[in-house]
Structures are given as C-alpha cells and as structure tokens.
Amino acid sequence: DDAPVSRFQEYLRINTVQPNPDYYKAVDFIISQAKPLSLESQTIEHVKGKPLLLLKWVGSDPTLPAILLNSHTDVVPFEDSKWTHHPLLAHIDHTSGNIYARGSQDMKCVGMQYLEAIRKLQASGFHPLRSVYLSFVPDEEIGGHDGAEKFVDSNFFKSLNIAIALDEGLPSPTESYRVFYGERSPWWLVIKAKGPPGHGAKLYDHSAMENLLKSIESIRRFRASQFDLLKAGGTAEGDVVSVNMAFLKAGTPSPTGFVMNLQPSEAEAGFDIRVPPSVDAEVLERRLVEEWAPASRNMSFEFKQKVTGKQFLTAADDSNPWWGLLETAVKEAGGRTSKPEIFPASTDARYFRKAGVPAFGFSPISNTPSLLHDHNEYLGKAEYLKGIDVYVSIIKAYASYEGKSGSRDEL
Ligand SMILES: CSCC[C@H](NC(C)=O)C(=O)O
Ligand SMILES: [Zn+2]
Ligand SMILES: [Zn+2]
C-alpha cells in the first residue's frame, strides 16, 4: 500500500498553485507514471505555458466511442501559516492516516487514482474494449478557458469520439458517494456605486457608501431567502442561488490608513453568485439591474465571470446506460452512490456537457468533510486506496461496455 501513497504524495508536492503553477513539472511527473503502463501520451498547448496532457489506453475496438477520465493539475492558493502542516509537504499523520496537502481532495487524488486503477487493471490482465483517455488539464481553478474549454472546442477533441466523461465531484461526509449530473453557473459580479463626496461629519443622501449599502442590504435579503430554503430542508444546495460577498473596496487611502473624515465618491463590492439550472437567469438579472445596481442610484455593474445560456444536464437515470454502469460498478466495489445532485460550484464537466458529451462529477471520497479550497485539506490514506478500487470497478465496466447506445449522438 505504501507505493501508491508515495506516488500520490510526490504529485501533491509539485507546486501547481495558481496563479503560477509549475505545469511542466506536473506533466513530466505524470508522463513518468504513465510510462510503465505503456499508455500513449501527447502534450497539447492551446496556450503557451499551459500544457494539457492526454494519455490513451488503447481499446481493442476502435470503432466504439471512448471513455474520458478528466482531472485538473492546478490547485488553489493557501495561507500556509493557518495549516497544521505545510500544504505542499503532503505530510501523513500516522495516527489518523490523513494526508494533508492542497489538492489532496481537489483533485490530484482523482488524477492519480485513475492511473493507479489502470496499473491494477493491467496487473490483473484486463484489456479494454473501448479506448480510455486520461486528460490532465490546466487552469480549472481560474475558469478553464485556456484548458478544458479550448480542448473541448478543438476538432481534435471531436475526433476522439468520447462517449462519457468523468470529472471531479465532492467528498461525502457519509458512507455514500456523491455524484453530480449538472452544475450551477458562476456569476462573479462587481457592483459599483458613485456619489458626491463630502465631510465625514455631514449627513446627506446619495453618497457612494449609502448607495452601495442599500444594494448590499437588498442582496443580503435575497441571500437570506435562499439560505432559509436550504435551512428548512427539502431543497438541495444545488437548487438554491448562493450569494456571498467576496470583497469590499472603498475609502480614501492615506499613508496612515484611510481618511476618516471624508465620505468617498466611489465604493464597490464583489459577489460570488451561483445560479442553479432550475432558476430563471433572466429574472435574476432583472433583479440585479432594478434592485442591486440601479442606474437611478448611481450604480453600475460588471461580471468578472459569467456562464450564460443553457445549462446542460447529463441524464442520471435508465435512459443513460453510463449512469447504471456507474451505480453498479460502485456497488460492486463495496460502495454506494447517493441521489445524483447539481454541483454547487463549477467544474470542467460543464464544457464536456455543452459539447454534447455526458459527464458525471464523481470523486470517490466518503466519510470525509469537504475541505476544497479550505485550510488543512486532507484525504485519509485508506480512503485514497479504496477510491482506487472504485475506479478499477468503474473503468472495467465502462471500458468493457459493448452497448450500441454508447455514442454521444444517441444520448
Ligand atoms: C468559475 S471557474 C472556478 C472553478 C471552481 N471550482 C471548484 C470546484 O471550486 C469554482 O467553482 O469556484
Ligand atoms: Zn477541482
Ligand atoms: Zn477547486
């Protein structure tokens, strides 16, 4: 059991932290892991400095559409002073068996588990019928535009003829694994207020701060209404709009801090908003224009990120054979899947779905708190090893599937 864990630690120790990830080191490492497995390998640079690594385990029937196992190589930044172990050391706590590292849940675990599962399948003498591709993509954490999005838009991607893609999910605090068939759309919104400046001792209407605060109050009321739905139970996280303030920027700076007796002429606030497929985006946008950033209150807005248009969902029922195969394969590995959900945040799976390729978000992590983007992100050693066996079962089922309904055109 030590060798797979050591290999995982090695990957975790490569600094692929945004905004300056060492992608080449990660790619070189993965290629070194793929070599003994005799996988075909190619590096694609849609954007210079942002390599995407594609590996292929060639199936015996090239006419059948292929399987894609996707993972991203970048990770989010961290405040190392707030961690109990440095997030790039991949320290193992030998009492609990927990491996502490940025990327241990999101999602270097999954990338390495795919490879370890293939290693095990090869050792058992298994040969795939369908080809299995592994994509290691850059930049997911900053929107995936120079990674999965360009990959999926390429003719080369179309030529791969992918039937089904697997991408990241979320850890489950219970025994059952979580599976995702769609996701909320990210809207990263900045609202800006303007108003006449004035003496800090003067009471007057329509200052920039007052204008912005009215919007913040309105946004907070909306946030509370959504949160109440969640707290009442019966509504899933992926079915309510989340709104969280990401930054506040206002005030007149001085060498000793901010000027205290001056009401500034400009103020802005940034919000991370996530819009479920079940919510009418037009209605929400109208609320933004009329209540949250009305021009009549000297307000404007811009989106730093906005995914618009139809939100594509992957069928998670009997109409999609890949769903049943996944459920059964997890069961055969001794696990259980819970009711399929809408992913609360964003993943590269949205690009696959948009291109007509069904995609499930799935990370085989159970009995573990979700610590994505948090301090002290960790994964238990035993959970990591169990996840490899879950992928052994899934890859075996997917790569052996002979059914005709496996082409994306028919799904
Ligand atoms: C909008 S692209 C950023 C992607 C990131 N994904 C995850 C899973 O955290 C997010 O949802 O913030
Ligand atoms: Zn991720
Ligand atoms: Zn992430």
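This is a predicted model: local features need pLDDT of at least 70, side-chain atom pairs count only at pLDDT 80 or more; totals for chains, interfaces and linings use all residues.

Q: What's the strand order in the open sheet of 4 strands, and is the pairing parallel or antiparallel?
A: The order is E11-E15-E9-E16, and the pairing is antiparallel. Residues are numbered from 1 along each chain as its sequence is written, and chains are lettered from A and ligands numbered from 1 in the order in which they are written.

Q: What counts as a strand, and when do two of them pair?
A: Strands (E, at least two residues) and helices (H or I, at least four) are DSSP runs, numbered from the N terminus. Two strands pair if DSSP finds at least two bridges between them. In general, strands of a sheet pair through backbone hydrogen bonds, either parallel or antiparallel.

Q: How many bridges join E11 to E15?
A: There are 8 bridges, and the two strands run antiparallel. E15 covers residues 266-275. Ala250 stands opposite Ala267 in E15. Val243 stands opposite Ile273 in E15.

Q: And E9 with E15, over how many bridges?
A: Over 10 bridges, in the antiparallel sense. Trp187 stands opposite Ile273 in E15.

Q: Which helix packs on this sheet?
A: Helix H6 (residues 208-232) does, touching strand E9 (185-194), E11, E15 and E16. The direction of H6 makes about 15 degrees with that of E15. Angles here run from 0 to 180 degrees between N-to-C directions, and axes are lines fitted to C-alpha atoms, for helices over the stretch in contact. Two residues are in contact if their C-beta atoms, placed from the backbone, lie within 7 Å.

Q: Next sheet. What's the order in the one with 8 strands?
A: E1-E2-E6-E3-E7-E18-E8-E17, an open sheet with mixed pairing. Its edge strands are strand E1 (40-44) and strand E17 (341-343). The twist averages 30 degrees from one strand to the next.

Q: Do E3 and E7 pair in the parallel or antiparallel sense?
A: Parallel, over 4 bridges. Strand E3 is residues 66-72 and strand E7 is residues 162-167. Leu68 stands opposite Ala165 in E7.

Q: On to helices. At what angle do H3 and H10 pack?
A: At about 60 degrees, with their axes 8 Å apart. H3 is residues 108-123 and H10 is residues 381-400. That makes H3 oblique to H10. For reference, under 35 degrees counts as roughly parallel, over 145 as roughly antiparallel, 65 to 115 as roughly perpendicular and the rest as oblique.

Q: What makes up the contact?
A: The H3 side includes Cys109, Tyr114 and Leu121, and the H10 side includes Tyr384, Val392 and Ile395. By class, the contact of H3 with H10 has 10 nonpolar, 2 polar and 3 charged residues. Ala, Val, Leu, Ile, Met, Phe, Trp, Tyr, Cys and Pro count as nonpolar, Asp, Glu, Lys and Arg as charged, and the others, Gly among them, as polar.

Q: How does H1 cross H10?
A: At roughly 100 degrees, with the axes coming within 11 Å. H1 is residues 2-12. H1 and H10 are therefore roughly perpendicular to each other. Pro4, Val5 and Phe8 in H1 meet Lys381, Tyr384, Leu385 and Ile388 in H10.

Q: New topic. Which residues surround ligand 1?
A: Glu141, Gly143, Pro186, Gln305, Ala345, Ser346, Thr347, Leu372 and His373. A residue is near a molecule if its C-beta atom, placed from the backbone, lies within 6 Å of it. The shell divides into 3 nonpolar, 5 polar and 1 charged.

Q: Where are the cis peptide bonds?
A: One joins Gln18 and Pro19, with omega about 10 degrees. Pro19 lies in the loop between H1 and helix H2 (23-34). The peptide bond from Asp106 to Met107 is also cis, with omega near -15 degrees.

Q: What about the phi of Ser38?
A: Ser38 has a positive phi of about 55 degrees, although it is not a glycine. Ser38 is in the loop between H2 and E1. Most residues other than glycine have a negative phi, and most peptide bonds are trans.
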